[in-house]
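This report describes local geometry and packing in one protein chain.

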Amino acid sequence: MATDHVDVLIVGAGLSGVGAACRLSRDCPEKTYAVLESRDAIGGTWDLFRYPGVRSDSDMFTLGYSFEPWTDPKAIADGDSIRDYVRRTADEYGVTGHIRFRHRVLRADWDGERARWTVHAHRDDTGETVTLTCSFLFTCTGYYRYDAGYAPQFPGTDRFAGRIVHPQHWPADLDHTGRRVVVIGSGATAVTLVPALAERAAHVTMLQRSPTYVLALPSRDVLADALRRWLPAKAAYPVVRWKNVLLATANFQLSRRAPALVRKLLLRAVRGRLPAGYDVDRHFSPRYDPWDQRLCVVPDGDLFTALARGRASVVTDTIDTFTERGVRLSSGEELAADVVVTATGLNLLALGGMTLSVDGAEVELPRTVAYKGMMLSGVPNFAMTIGYTNASWTLKSDLVATYVCRLLHHLDRTGQQVVTPLPPPDGELVPIIDLAAGYVLRSIDVLPRQGARAPWRLHQNYPRDALLMRHGRLTDPGVRFSRAGTPERRTVRA
């Protein structure tokens, strides 16, 4: 059977993969491409997660695509609306017909003599292995495992008489109406689940080992609502988008420069949402500084409303053991439960689990250094998408897709065929994901690293990165352009 060949092969049909394909269609219409998706639907995270209340934790004017205005009234949107938006965009830009579903990529091998990748994928629907080749490989797989969330082993779960579920694989038959629910966790998933479950549950308890910063924001954007009355969507959208980008950037920079002040402001806002005397210091005052981990956003303060009305409560303690009736804590208190939800986080998985080799040599990801947060030292004609940790994922993914299109045009214009990032000649190497969250720390040693300065480091600053990625030079000391058959030098730092 003849092997299919495309100019660009995209792995993943979630928010990033669809955005990358749309960018190719818009900016490089002469290029052929295909999208391989391991699941049977478009949407990635937004198709996988189906737990009650699932929604964005970023505003949709920045989480949405820059080229496709978000027109829904809600700025912080539910998962169904986001999934529909991604699917609708894929249809509008002709991307859907390029997607091959149930294709799980296993490995990709670079052949420098031919300047092309050979990609091997398993078809989960037929059981066969298929092979494709491409000139440029673009992975948009995110960085966590889709098949299993992080689920620590708690003692006594085998004797618990109720039901234990993980949000990443929410059972469709679970009815929590009138039941006592304990949600273990304090991150974005937990603060989303608690108010949603509290609408029908007898009571919901958020059991956390330690607090997280929680910020209430309006679910609608006042400026967007005003501009919609006077301007067409395509004119209003970039104004609101940049307003939100600048506010988020200012928030992050202030948190880094004056963490004590931001901490004080965040806790003051929480106190204003809760009844007098509520123990905010115990339940909402983390041990770390703001933005050492992501802030948890709650639209219209729904979590605080559920707490104030007594529909939900927060307990800060550690688990001793599960019992027949619920969860016993280290303090000796027992939380009665019919359902326990383990919102305990994610498992990281680089590149969707696929492996890479370059001219027969396996690529060891921890030994590679990221170039501009999107390419890997010593790995030719390859890009990956890792979104921002301090802002909307799509802001970064769109910059990466735009840069890939610029690279493709540069290769054609100069008659070159290969672009290979180089490692920094010296300097400190740091993790590519700059967060102290548990899911990052558990797996940081299996991920690429980044350098101390540009172009081997991005600064989690969208305006600054936009200048570099959209208008900066394509030729710099961090990258080499060549033709097929050019011998590769050793380009991975030990």
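At what angle do the axes of helix 7 and helix 8 cross?

## Helix 7 and helix 8

The axes of helix 7 (residues 233–257) and helix 8 (residues 259–273) cross at roughly 120° and come within 5 Å. Axes here are lines fitted to C-alpha atoms, for helices over the stretch in contact, and angles run from 0 to 180 degrees between N-to-C directions. The two helices, helix 7 and helix 8, are therefore oblique to each other; angles under 35 degrees count as roughly parallel, over 145 as roughly antiparallel, 65 to 115 as roughly perpendicular and the rest as oblique. On the helix 7 side, the contact involves Leu254, Ser255, Arg256 and Arg257, and on the helix 8 side Pro259, Leu261 and Val262. Contact means heavy atoms within 4.5 Å.

## Basis of the values

The model is predicted: local features need pLDDT of at least 70, side-chain atom pairs count only at pLDDT 80 or more, and totals for chains, interfaces and linings use all residues. Residues are numbered from 1 along each chain as its sequence is written, and side-chain values use heavy atoms, with hydrogens and water left out.

Helices (H or I, at least four residues) and strands (E, at least two) are DSSP runs, numbered from the N terminus.

An open sheet of five strands runs in the order 7-16-8-9-12 with parallel pairing, where two strands pair if DSSP finds at least two bridges between them. Strand 7 and strand 12 (312–316) are the edge strands, each pairing on one side only. On average, neighbouring strands of this sheet are turned by 20° against each other, direction ignored. Strand 7 and strand 16 (residues 339–342) run parallel and are joined by three bridges; Ile164 stands opposite Val340 in strand 16. Helix 5 (residues 188–198) packs on the sheet and touches strand 8 (180–184), strand 9, strand 12 and strand 16, with its direction at about 165° to that of strand 9.

Another open sheet has three strands in the order 13-14-15, with antiparallel pairing. Strand 13 (319–322) and strand 15 (334–336) are at the edges with a single partner strand each, so one side of each has no neighbour in the sheet. Strand 14 (residues 326–329) is joined to strand 15 by three bridges, and the two run antiparallel. Val327 has Leu335 as its bridge partner in strand 15.

## Strand 11

Strand 10 and strand 11 run parallel and are joined by four bridges, and Val214 stands opposite Cys296 in strand 11. Strand 11 is covered on both faces: Cys296 and Val298 on one side, and Val297 and Pro299 on the other, are all buried. Buried means under 20% relative accessible area, exposed over 50%, and partly exposed in between (1.4 Å probe, protein chains only).

## Aromatic pairs and a charge over a ring

The whole structure holds 16 aromatic pairs. Rings of Phe, Tyr and Trp (its six-membered ring) pair if their centres lie within 6.5 Å; planes under 30 degrees apart count as stacked, over 60 as edge-to-face and the rest as tilted. Phe154 and Phe322 make a tilted pair, 5.9 Å centre to centre with 35° between the planes. Phe154 lies in the loop between strand 6 (129–139) and strand 7 (163–165) and Phe322 in strand 13, so this pair ties together parts 168 residues apart in sequence. Phe322 counts as buried at 0% relative accessibility. Tyr213 and Tyr288 form an edge-to-face pair, with 5.5 Å between centres and 85° between the planes. Tyr213 is in the loop between strand 9 (203–208) and strand 10 (214–217), and Tyr288 in the loop between helix 9 (280–283) and strand 11, 75 residues apart. Both Tyr213 and Tyr288 are buried.

One aromatic cluster is formed by Tyr65, Phe67, Trp70, Tyr85 and Tyr93. The charged end of Lys396 sits over the ring of Tyr388, 5.9 Å from its centre; the criterion is NZ of Lys or CZ of Arg within 6 Å of the ring centre and within 35 degrees of the ring normal.

## Backbone exceptions

Most residues other than glycine have a negative phi, and most peptide bonds are trans. Asp300, not a glycine, has a positive phi of about 55°; Asp300 is in the loop between strand 11 (296–299) and helix 10 (302–308) and is partly exposed at 43% relative accessibility. Asp359, also not a glycine, has a positive phi of about 50°. Asp359 is in the loop between strand 17 (355–358) and strand 18 (361–362), and is partly exposed with a relative accessible area of 42%.

A cis peptide bond with omega of about 5° joins Ala454 and Pro455. Pro455 is in the loop between strand 24 (449–450) and helix 13 (462–471).
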